[in-house]
Amino acid sequence: MSLLHFGWFLGAGFGVQGWGDDSYGVGYDWKKPQVYQDAARVFEASGLDLLVIEDGVTVPDTYGGTAEVNLASARFVPKHDPLPLVPYLLGATSKLGIVPTLSASFYEPFTAARLLSTLQHFADGRLGFNVVTSGSDLAAQNYGLDKQIEHDLRYDRADEWIDVVRKLWRSWEPDAIVEDVAGGVFADFSKVHTIDHDGRFFKVRGPLTNAPLPEEPVMVQAGASGRGQAFAGKNSDVVLALASTPERMRAHRDSVRQAAADAGRSPDDIRVLFVVQPIVTANAEESASVRARRAELTTAAIDEALQSISYLSGVDFKQFDLDAPLPELTTNSNQGTLDNFVKSAPAGSTLREILQTRAKGDGLAVIGTPDEIADHLATLGEQVGGDGFLFTGHVHPANVHRTLDPLVPALRRRGVLRTELGDGGLRRNLLDF
């Protein structure tokens, strides 16, 4: 077995943790940093490379035209901005990569470059940033737009956005600060440059006000459409990916690596990490019980599942008959997410059958004993030729410990999870293997 990279994708963002869990709220306050700091310490001790923190900037009301289900189930809201949380997580750890999400659609390049540069100086090379292009019209309406711009055009804009951000980071040469006390020169003006960017979407003079970076933050991205994969291949260090079968995982990884080669990069510079949700059980009987319970699909469970995909895809799934095949669907929002949902069951499946397939563990969920899950992930890593996985779930302490306490030893026994992280920062850890 070969080592794989592992991380944690906090799909709830800096938001409610563990609503619906029997131990919800016991001993923690999700609005304060302590619960996230505790989880980050566990992730680091477990040998996980990075913690990715999702974010969103809207109260969703796509499902049935109301926010009722989202608010009742604490899905996607309420949510705080993840960037102020980052210094707390950096202070609680010394090796774990911390990756907040920010939107290239709504952060101006200068603002993003300045914020991320500041945090990277705190982080000593452990900072990443997850770039999204925010497909939601609801989000766009919070920033003065009626609708979000067209899907591929958002990626054209994001290409220029990251180019400007990186130009700003490089507007100070590495040795611009000389601190010559005797000569009375702190920084050499000849090594600080305007960027004078005048492009299709942005006009930015520069230079950045920050001190030069010893190392740029690691870029994470989750685009799954053809245009999204081209963007990731050109720009990303890590690709956060969703796929429901080994074949689709392999195809997605190969496509991203080819996009990197087409952009003149080495495919080996990118790590493609697939999101999985381990549900650890004690034995086969408990596994069967979990699958049966998830497959029951109560009205509440259906509503919660469909409001999630409605928000992420921008398609109102309330309008469809549960027992009829889905029509062909398109979206200007997250095309890859919609595609992964529809294709997680055989072609022609009804909406109910898609939900049942995913609930039984054929989507993101991996249900089994620690050894069964570890065997599955080790085999899947080999089949995909892959780089690793991002566990997903909230960071309520009960969930973190019931997942990682039994699973980490099982993964290490199979030689797929490292025993400790290196001291060189996130980028070096990702390139260790």
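Strand 5 (residues 97-103) is largely enclosed by the rest of the structure, because 7 of its 7 residues are buried, where buried means under 20% relative accessible area, exposed over 50% and partly exposed in between, for a 1.4 Å probe and protein chains only. Helices (H or I, at least four residues) and strands (E, at least two) are DSSP runs, numbered from the N terminus. The model is predicted, so that local features need pLDDT of at least 70 and side-chain atom pairs count only at pLDDT 80 or more, while totals for chains, interfaces and linings use all residues. Residues are numbered from 1 along each chain as its sequence is written, and side-chain values use heavy atoms, with hydrogens and water left out.

Both faces of strand 5 are covered, with G97, V99, T101 and S103 buried on one side and I98, P100 and L102 buried on the other. Strand 5 runs parallel to strand 3 (residues 50-53), to which 4 bridges join it, and in this pairing I53 stands opposite P100; two strands count as paired if DSSP finds at least two bridges between them. Strand 6 (residues 128-132) is also parallel to strand 5 and is joined to it by 3 bridges, with V132 standing opposite S103. Together with helix 4 (residues 109-123), strands 5 and 6 make a right-handed β-α-β unit, right-handed meaning that, with the strands pointing away from the viewer, the path from the first strand over the helix to the second runs clockwise.

Strand 13 (residues 271-280) runs parallel to strand 14 and is joined to it by 4 bridges, and I279 stands opposite I367.

Leaving aside its neighbours within four places in sequence, H80 is in contact (heavy atoms within 4.5 Å) with F14, W30, K31 and D55. Of these, K31 is 49 residues from H80 along the chain, and their C-alpha atoms are separated by 7.9 Å.
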